[in-house]
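Visitor: Could you take me on a close look at one part of this structure, the place where a ligand sits? I am new to this, so please go step by step.

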Amino acid sequence: MELTTNKNVLDFVQKYVDLMKPDKVEWIDGSKKQLNELTKIAVSTGEIYKCNQKLLPGCLYHRTAVNDVARVEGRTFICSREQKNAGPTNNWMDPKEAYAKLDAIADGCMKGRTMYIIPFSMGKIGSKFAKYGIELTDSIYVVLNMAIMTRVSAKVLTKLGDSDDFVRGIHSKVKLEEENRYICQFPEDNTIYSLNSGYGGNVLLGKKCFALRIASYQGWKEGWMAEHMLILGVQKPDGDIKYITAAFPSACGKTNLAMLIPPETYTKKGYKVFTVGDDIAWIRRGKGGMLYAVNPENGFFGVAPGTNVKSNPNALATTRKDTIFTNVVYDPKKKTVWWEGLDKNPPKNVLDWKGNKWSGGMVDAEGKIIKGAHPNSRFTAPAKNCPCLSSEFENPKGVPISAIIFGGRRAKAAPLVYEARDWKHGVFVGSIMASETTAAAAGAVGVVRHDPMAMLPFCGYNMADYFQHWLDMGKKVKNKPKIFNVNWFRTDDEGNFLWPGFGDNMRVLDWIIRRCEGVVDAVETPIGYMPKPEDINLDGLDMSVDDLKQILDCDKKVWSAEAEDIENYYRSKFGDTLPKELYAELAKLKKNLRKRA
Ligand code: OXD
Ligand code: MN
């Protein structure tokens, strides 16, 4: 039954029913009953497996096609009317050409299938931050994931009324053909096409496609920001909570930082960390001249490998019920799941992420361990399961931000932490972010690439305009957050990590908060303010101040080379379109490095 009389919605649905020609159409109202019925169907066709309902109540397991395990940046396009609006960092396709190509692929693609119509909200329904979408899909897996990751409800349609203000998401698995896989965003039309994929980041259209690519464009036009950032709150012993957002590229530990458990030296004193979001922040100006952030999602789509009781007990606890596991190891007898790094007891005689027989410790012809779970295997878990979920998670006004952190995965160069001198310098620091690539996107892993503000794959418009938007937002905000850069991933010459990371990152957050409060000094260096080593609390850690000094450094030779690289990047990618303020910041960096040589 149709859930609305909104003509814009009905016309949109009809257009794609005519094109994709499904046998059946089903409106999704988000009710438990409906989702249970769909689960039954997906179990009966083998699309989904039910996990052991005693050990993992409400949990499901799914495997994607083996050629479809990550985001595909090479096949992701921003189809703005003019190429210059997609900018130099995005793939662009002319919208007319794109619609023709995509419609030809989609023609008749749902014959013999059901089209599911999913009304969803990013952000709390009815709040100022909320934006609505409708995703059409032929995948029950997508319906069930969307019902965790977003607010799927008939209420979305009620709130929408007769309005045309919704994002149109068109997804079909088609035939899962790699050569015809397209993830296309049309920012000026509020439209997304995703064809020939079944991998979360490509097909849960509320996430990367809408909440980042389309929303970043909307934010630029409407005066707010959509960022690839976690949001966390640190409660101090006096009860005051400071909120921090942090942008790291995919699979660089955003979920771990968002759900951090502080070391004993902090918990003893009464410090607590609360999670507001682990991947996306929508940020607007609000009361007291501050910036406020909400997490527009309703769940976590986290990387499974490496998640365990030590590294992230909160994430693990979050996945113990009502969770969908994708591309991890599955034990068909016990109906349980496993992944590398979960524990030291890999199961035997089970199925790996490809569905092949697998036992822990298995090696290939060259004696190399064969992994059971794909490195980008995932869990989709409801936010409300998270033991440390912030009580402000549903606050329609968001949380006030004291600090913004940028960070990447850098074996060398970037120190543990430094602070930008001011907002403009902070925008520069974000713009020069670089990080080693991970398994979250198809392609080589471990290659350092420029990834400004961790938004390289997600900015829905010209990155030079995006930098200008950041600079402009700073001009409008009286009580701006302070901006920092962190790097948990420095290694010694043997490749060993020099910083313990995980819960111990609290020690860095502590310094950041004290800087925001103006109660601790810093050392001025050519790249920004750095902590005095004695101001980082090392209590309970097997690390000396001298060890710490190694990662609180600013090696002028290394940074001079870095400055050259930034200059090349700026000039070759952006040329004259880059905001002048950023060239001025680069000139300042170079001067500082010369002055202090
Ligand atoms: C994610 C990603 O899934 O960034 O969050 O790839
Ligand atoms: Mn992400």
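Guide: Happy to! Let's start with ligand 1: one of its oxygen atoms is 2.9 Å from an N or O atom in the side chain of Arg-71. Please keep in mind that this is a predicted model. Arg-378 also takes part, with a polar side-chain atom 2.9 Å from an oxygen atom of ligand 1. For Lys-208, a polar side-chain atom again lies 2.9 Å from an oxygen atom of the ligand.

Now look at what else is around ligand 1. The residues there include Lys-207, Ser-250, Phe-301, Ala-440 and Phe-458. The manganese ion, ligand 2, is coordinated by Lys-208 through NZ, by His-228 through NE2 and by Asp-279 through OD, at 2.1 to 2.2 Å. Along the chain, the spacing of these donor residues reads K-x19-H-x50-D. Lys-208 belongs to helix 8 (residues 206-222), while His-228 sits in the loop between strand 12 (225-227) and strand 13 (229-235), so the pair ties together parts that are 20 residues apart in sequence. Both Lys-208 and His-228 are buried.

So, for Lys-208, here is the picture to take away: this buried residue coordinates the manganese ion through NZ, and a polar atom of its side chain lies 2.9 Å from an oxygen atom of ligand 1.

Notes: Residues are numbered from 1 along each chain as its sequence is written. Chains are lettered from A and ligands numbered from 1 in the order in which they are written. This is a predicted model: local features need pLDDT of at least 70, side-chain atom pairs count only at pLDDT 80 or more; totals for chains, interfaces and linings use all residues. Side-chain values use heavy atoms; hydrogens and water are left out. Donors are N, O and S atoms within 2.8 Å of the metal (3.2 Å for Na, K and Ca); water is not among the atoms, so sites may look incomplete. Helices (H or I, at least four residues) and strands (E, at least two) are DSSP runs, numbered from the N terminus. Buried means under 20% relative accessible area, exposed over 50%, partly exposed in between (1.4 Å probe, protein chains only). A residue is near a molecule or strand if one of its heavy atoms lies within 4 Å of it. A polar contact is a pair of N or O atoms within 3.5 Å; within protein, one must be able to donate a hydrogen and the other to accept it, and residues adjacent in sequence count only if both atoms are side-chain atoms.
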